[in-house]
Amino acid sequence: MTYQTIEIQEKYDGQVAEIILNDAPANILTAAMMAEIRDFLKSDLDQHNRKLIVFKGAGDHFCFGASVEEHTADQVDNMLPGFHLMIGDILSYPVPTLALVSGFCLGGGFELAIACGLIFATENAKFAVPEIQLGVFPPVAAALLPFLSNGVTASHMLLTGNKLSAADMANNGIVNQVLSQEELTAFTESYIEKNILPRSASSLRFANRAVRMSVNSIYRQHICDLERLYLNELMKSHDANEGIGSFLEKRAPEWKNN
């Protein structure tokens with residue numbers, strides 16, 4: 001199958017598949033890219049020798065986030081549910097998942113990364129959910145971060161939008177390994193060859209389903225309410241629409257606090 005926004009690389013005789021977000025430098029998660037990720041994951045379920053799915057960004061950055069243009073009031077009702085379905089697909093995917101993060105990992109890109117079971121990051125990686133700076137909030141991060149890390153870290157990230165380092169993320173239990181850019185590929189290959197390839201593909205799937213059961217439960221419990229809060233209340237406010245509009249118009253927002 002040919003994809004327009006992602007590239008698929010098969011490795012280790014098909015035991016590992018890399019999904020490359022292929023729109024450098026920003027690798028923006030558009031609705032089209034989300035659909036292609038979901039299509040690949042669905043089609044790949046029949047690959048019974050698959051042991052790992054790896055997500056990475058083309059070029060120097062992982063992902064700047066979801067398309068702001070698709071967050072406008074006339075498009076967000078379609079975009080956001082599609083994004084949440086993609087995250088749900090990744091969270092519940094039977095095959096283990098790994099995000100390789102370099103550079104910026106922001107917004108929806110950050111949410112994609114934390115939906116993966118493992119995250120390896122370079123020392124220069126920066127993580128943030130800057131949605132509040134546009135007058136909105138990230139529903140997936142709101143659901144997952146308090147569970148994966150802690151409420152204090154989740155509140156800081158969601159309320160400020162500030163960027164945190166890979167070391168910060170590791171200290172908060174989000175990132176598994178922090179490496180130099182030069183070390184990332186060699187470490188990842190060694191990790192896969194030592195810890196993934198020798199295992200049974202079917203047993204890896206059972207173990208992955210088991211370890212992901214609680215995070216999937218948390219996600220399903222909260223994402224519908226968060227989506228409704230976003231679409232039915234937040235997007236009816238002046239400031240949410242002003243924040244998105246001012247970003248697209250490249251000007252400072254004029255908040256009315258309502």
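Guide: A residue counts as buried under 20% relative accessible area, as exposed over 50%, and as partly exposed in between, with a 1.4 Å probe and protein chains only. This is a predicted model, in which local features need pLDDT of at least 70 and side-chain atom pairs count only at pLDDT 80 or more, while totals for chains, interfaces and linings use all residues. Residues are numbered from 1 along each chain as its sequence is written, and side-chain values use heavy atoms, with hydrogens and water left out.

Visitor: Which residues of α1 are buried?

Guide: Met33, Met34, Glu36, Ile37, Phe40, Leu41 and Asp44 are the buried residues of α1. The helix itself is a DSSP run (H or I, at least four residues; strands are E, at least two), numbered from the N terminus.

Visitor: How do you know whether the buried residues of α1 line one face of the helix?

Guide: Viewed down the axis of α1, the buried residues fall within an arc of 165 degrees, so they line one face. The arc is taken over the directions from the helix axis to the C-beta atoms. The cover over these buried residues includes β1 (6-11), β2 (16-21), β3 (52-57), α2 and α3 (107-115).

Visitor: What makes the length of α1 agree with its residue count?

Guide: The expected span is 1.5 Å times one less than the number of residues. For the 14 residues of α1 (residues 31-44) this gives 20 Å, and the end C-alpha atoms are 20 Å apart, so the two agree. The 16 residues of α2 should span 22 Å, and its end C-alpha atoms are 22 Å apart, so α2 agrees too.

Visitor: Why is His84 called buried?

Guide: The relative accessibility of His84 is 5%, which is below the cut-off, so His84 counts as buried. This residue sits in helix α2 (residues 76-91). Beyond residues up to four places away in sequence, His84 touches Pro139, Val140, Tyr219, Ile223 and Glu227, where contact means heavy atoms within 4.5 Å. Other buried residues of α2 include Val76, Met79, Leu80 and Phe83. The buried residues of α2 pack against α1, β3, β4 (97-101), α3, α4 and α8 (201-233).

Visitor: Why are α2 and α3 called roughly parallel?

Guide: Their axes cross at roughly 25 degrees and come within 9 Å. Angles under 35 degrees count as roughly parallel, over 145 as roughly antiparallel, 65 to 115 as roughly perpendicular and the rest as oblique; α2 and α3 are therefore roughly parallel to each other. The axes are lines fitted to C-alpha atoms, for helices over the stretch in contact, and angles run from 0 to 180 degrees between N-to-C directions. Phe83, Met86, Ile87, Ile90 and Leu91 of α2 make the contact with Gly108, Glu111, Leu112 and Ala115 of α3.

Visitor: What makes α3 and α4 oblique?

Guide: α3 and α4 pack at about 40 degrees, with their axes 10 Å apart. That angle belongs to the rest in the classification, so α3 and α4 are oblique to each other. On the α3 side the contact involves Phe110, Glu111 and Ile114, and on the α4 side Pro139, Val140, Ala141, Leu144, Leu145 and Leu148.

Visitor: Is the crossing of α3 and α4 left-handed or right-handed?

Guide: The crossing of α3 and α4 is left-handed, whereas that of α2 and α3 is right-handed. Left-handed means that the near helix is turned anticlockwise from the far one by less than a right angle, and right-handed that it is turned clockwise.

Visitor: Are Asn27 and Asn257 buried or exposed?

Guide: Asn27 has a relative accessible area of 0%, so it is buried. Asn257, in the segment after α9 (238-248), is at 71% relative accessibility and therefore counts as exposed. The phi of Asn257 is also positive, about 60 degrees, although it is not a glycine.
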